[in-house]
Amino acid sequence: MREVRRGEQSFFLRPGEELVEDVRDAIVLGKDEALLLKALSEYKDGDVVRPAGSIWMLYGPLEFVPDDNVEIVETRKLIALDKNEGVYVMNTVTGDVRAVIGEPYLPTENEVLWEKHLSKDVEELLTCPGGSRKTGQTTGKFVSKREKHRIVRFNVQHNAAVQIYDYIKKQQRIVLGPGLVILGPHEEFTVLSLSGGKPKVPNAVQSLQLFLGPRFSSDTVIVETSDHARLRLRLSYNWHFDVKRDENNNQQKSFSVPDFIGDCCKTIASRVRGAVAAEDFDSFHRNSAKIIRTAVFGCDEKGEVKKELRFPVNDFVVTNIDVQSAEPTDDKTRDSLQKSVQLAIEITTKSQEAAARHGNELKDQEAKGKLERQKLLDKTEVENAKTTWLKLQAESEAVQASGQSVAEAKAKAEALLIEVNSELQQAKLRAEAYLISAEAELNKLKQRQAIELNYTKRQNSMEIEKAKHIAKSESEKVKRMVDAIGRDTLIAIARAGPEMQAKLLGGLGLKGYLITDGNSPVNLFNTAGGMIGSK
C-alpha cells in the first residue's frame with residue numbers, strides 16, 4: 001500500500017512502513033505553465049474518473065500536490081513566438097505535423113515538439129553568409145547549433161531565388177527575393193551545386209539561393225588555331241536570368257538546369273574552339289574580340305552580331321563577353337608571339353614616323369600655298385581699294401563743284417519756307433486771339449443772363465410768397481369773423497333777406513315770382529314751399 005500524507009503534520013513511521021522519497025514541496029504553477037499528467041491506475045479527478053494510462057493537462061496558476069496514482073510526465077511552459085518565429089508540432093494521435101508561427105503556444109496533451117532534421121550540407125549552408133560556400137571551404141567537423149523543433153528560416157537576398165520542394169505533396173515553390181523563407185514540416189531546400197574555378201570544375205560551389213543577376217563570370221579556355229598554335233584564353237561574360245515577377249513564381253524555369261554555370265561555360269567554350277580552329281594565329285590575334293563575339297552570339301539576318309546569347313531551357317541570358325587575355329601555352333609560340341609583337345610594334349612605329357613626316361611635309365606645302373594665295377588676295381584687295389579711292393575722290397570733286405549752287409538754292413528755299421511758316425504762325429495766333437475774345441464775350445453774356453434769370457426768379461418767388469401771406473391773412477380774417485359771429489347768426493342772417501322778400505311779395509299779392517340780385521343765396525326749398533303754401 002502506498003499513501004500520500006500532506007502537511008502540515010508530524011508523524012512517526014510505524015513498523016512495516018518506510019519513506020519512499022524525501023519530503024517534497026508542492027508544485028506551484030504559473031499562468032504560463034502546465035503539467036502533463038498520467039494516471040497509473042484509476043484516478044478520480046473531481047467529478048471526472050480517469051482510467052489507468054490516460055493523459056491530461058493541468059494548467060496553472062495553481063498549487064498541485066502529486067497523488068500516488070498520478071505520474072508527472074513533464075512540466076510544460078508557454079512558448080513565446082514572434083511574428084516570424086515558430087515551432088514544429090506533431091499530434092501523437094494522428095501523426096500530423098504542423099508549424100505554429102507568430103503566436104504564443106503551449107502544446108496540448110496529444111502534442112509534442114517535433115524535430116526537423118536537415119542534411120549536413122543544408123545545415124552548414126544556413127550558417128554561411130548568403131547561403132553559399134565553396135566545396136571544402138569548411139575545416140573541421142561541423143556541429144549544428146540549431147534547435148531542431150524551431151522553424152527553419154532563410155533570408156533570400158535581392159535578385160535571388162530559392163526553390164523549395166514538399167516531398168509529401170510532391171510540389172515545389174519558388175520564392176523571389178528579397179523575402180523570408182519559412183520551411184514547412186515536410187519541405188526541403190533545393191541545394192545548387194555549381195561549377196567554379198578557372199577553368200570551371202563541377203560541384204565547386206554549393207548554394208541555397210540562385211542569384212538572378214546581372215552578374216559576371218570568368219573562365220579559361222584552351223584553343224588551337226588552324227596553324228596549330230595553342231592559346232589560353234581568359235574570358236569574362238555578363239549574364240542574368242530573364243525572370244518576370246508578374247507571373248506565377250512556381251512556373252519559373254530558372255532551376256531547370258542544376259549547374260547553369262557549367263553548361264554555359266561548356267557551350268561558350270565549344271563555340272569559341274570551333275571559331276578559333278578556323279582562323280590562323282595572325283588573323284585571330286588581330287581580330288580576337290570580333291571572332292569570339294561572332295562565334296558566341298551569332299549573326300542575325302542582316303549579318304550583324306547579335307547582342308545576347310539566350311538559353312530557352314532556363315531563361316539564362318549572356319549579354320556580353322570580353323577577352324581578358326590570350327596567352328600561348330608553349331614557349332616556342334610565346335617567343336614567336338613576342339617577336340611578332342615586337343615586329344608589329346616596329347612596323348607600327350615606322351609607319352607612324354613616316355605618316356608624321358608625310359604629314360609635316362603636307363602641312364608645309366599647304367602653308368606655302370596658303371601664303372601665296374594670301375599674297376594674291378592682298379594685292380587684289382589693294383587694287384580694289386585704289387579703285388574705290390579714285391571713285392570717292394571724283395565724287396568728292398563733283399560734290400564740291402555742285403555744292404555751292406545747291407547750298408544757295410537750299411538757303412532760298414529755307415528762307416521762303418521760314419517766311420511762310422511765320423505768316424502761318426501769325427494767322428494761327430490771330431485766330432486763337434479772336435477765339436479767346438469771342439469765348440470771353442460769350443462767357444460774359446452767359447453770366448449776365450444767368451444773373452438776370454436768378455434775379456427774376458427771386459422776384460417771382462417773393463411775389464408768390466407775398467400773395468401766399470396775403471391769402472393766408474384774408475382766410476384767417478374771414479375765419480375769425482365767422483368764428484366771432486357764430487354759425488347760428490350767419491344762418492339767421494342768410495335766411496332773413498329771402499323770408500322778408502317773400503313776405504313783401506305775399507303782401508303785394510304776388511305768387512310764383514322769384515326776385516334776386518344774384519349775390520344773396522336763395523333757398524329754393526323754402527321758396528317752393530312758400531309758393532305751394534302751407535297746410
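In this predicted model, the charged end of Arg-5 sits over the ring of Phe-11, at 4.5 Å from the ring centre. A second contact of this kind involves Arg-215, which lies over the face of Phe-211, 4.5 Å from the centre of that ring.

**Domains**

The domain assignment divides out domain 1, residues 29–113, and domain 2, residues 212–329. Their centres, taken over C-alpha atoms, are separated by 62 Å.

Four strands make up an open sheet, in the order E20-E21-E23-E22, with antiparallel pairing. Strand E20 (215–224) and strand E22 (309–311) are at the edges; each has a single partner strand, so one side of each is left without a neighbour in the sheet. From one strand to the next the twist averages 35 degrees. E22 is joined to strand E23 (residues 316–328) by three bridges, and the two run antiparallel. Within this pairing, Leu-309 has Val-318 of E23 as its bridge partner.

Helix H2 (residues 260–277) packs on the sheet and touches E20, strand E21 (230–241), E22 and E23. The direction of H2 makes about 40 degrees with that of E20. Helix H4 (residues 288–297) lies across E21, E22 and E23, and runs at about 145 degrees to E23.

**Aromatic pairs**

The structure holds 10 aromatic pairs. One of them is formed by Phe-241 and Phe-260: it is edge-to-face, with 5.0 Å centre to centre and 75 degrees between the planes. This pair links distant parts of the chain, since Phe-241 is in strand E21 and Phe-260 in helix H2, 19 residues apart. Phe-241 and Phe-260 are both buried. Another pair, Phe-311 with Phe-316, is tilted, with 5.8 Å centre to centre and 45 degrees between the planes. Both Phe-311 and Phe-316 are buried as well. Ring pairs connect Trp-239, Phe-241, Phe-260, Phe-311 and Phe-316 into a cluster.

**Strands E11, E17 and E18**

Strand E18 (residues 201–207) pairs with strand E11 (residues 132–134) in the antiparallel sense, over three bridges. Here Lys-134 stands opposite Val-205 of E18. Strand E17 (residues 192–196) also pairs with E18 in the antiparallel sense, over four bridges. The bridge partner of Ser-193 in E18 is Gln-206. E17 and E18 form a hairpin with four residues between the strands, and in this hairpin Gly-197 takes a positive phi near 85 degrees.

**Backbone details**

| Cis peptide bond | Omega | Location of the proline |
|---|---|---|
| Gly-60 to Pro-61 | near 5 degrees | loop between strand E5 (55–59) and strand E6 (62–64) |
| Lys-198 to Pro-199 | about -5 degrees | loop between E17 and E18 |

Positive phi is also found at asparagine. Asn-159 has a phi of about 60 degrees although it is not a glycine. Asn-159 lies in the loop between strand E12 (153–156) and strand E13 (160–166). At 26% relative accessibility, Asn-159 counts as partly exposed, because that class covers values between the buried limit of 20% and the exposed limit of 50%. Asn-203, likewise not a glycine, has a positive phi of about 55 degrees. Asn-203 is located in strand E18. With a relative accessible area of 48%, Asn-203 is partly exposed.

Terms used: Residues are numbered from 1 along each chain as its sequence is written. This is a predicted model: local features need pLDDT of at least 70, side-chain atom pairs count only at pLDDT 80 or more; totals for chains, interfaces and linings use all residues. Side-chain values use heavy atoms; hydrogens and water are left out. Two strands pair if DSSP finds at least two bridges between them. Axes are lines fitted to C-alpha atoms, for helices over the stretch in contact, and angles run from 0 to 180 degrees between N-to-C directions. Contact means heavy atoms within 4.5 Å. Rings of Phe, Tyr and Trp (its six-membered ring) pair if their centres lie within 6.5 Å; planes under 30 degrees apart count as stacked, over 60 as edge-to-face and the rest as tilted. Buried means under 20% relative accessible area, exposed over 50%, partly exposed in between (1.4 Å probe, protein chains only). A charge sits over a ring if NZ of Lys or CZ of Arg is within 6 Å of the ring centre and within 35 degrees of the ring normal. Domain bounds come from an automatic or database domain assignment.
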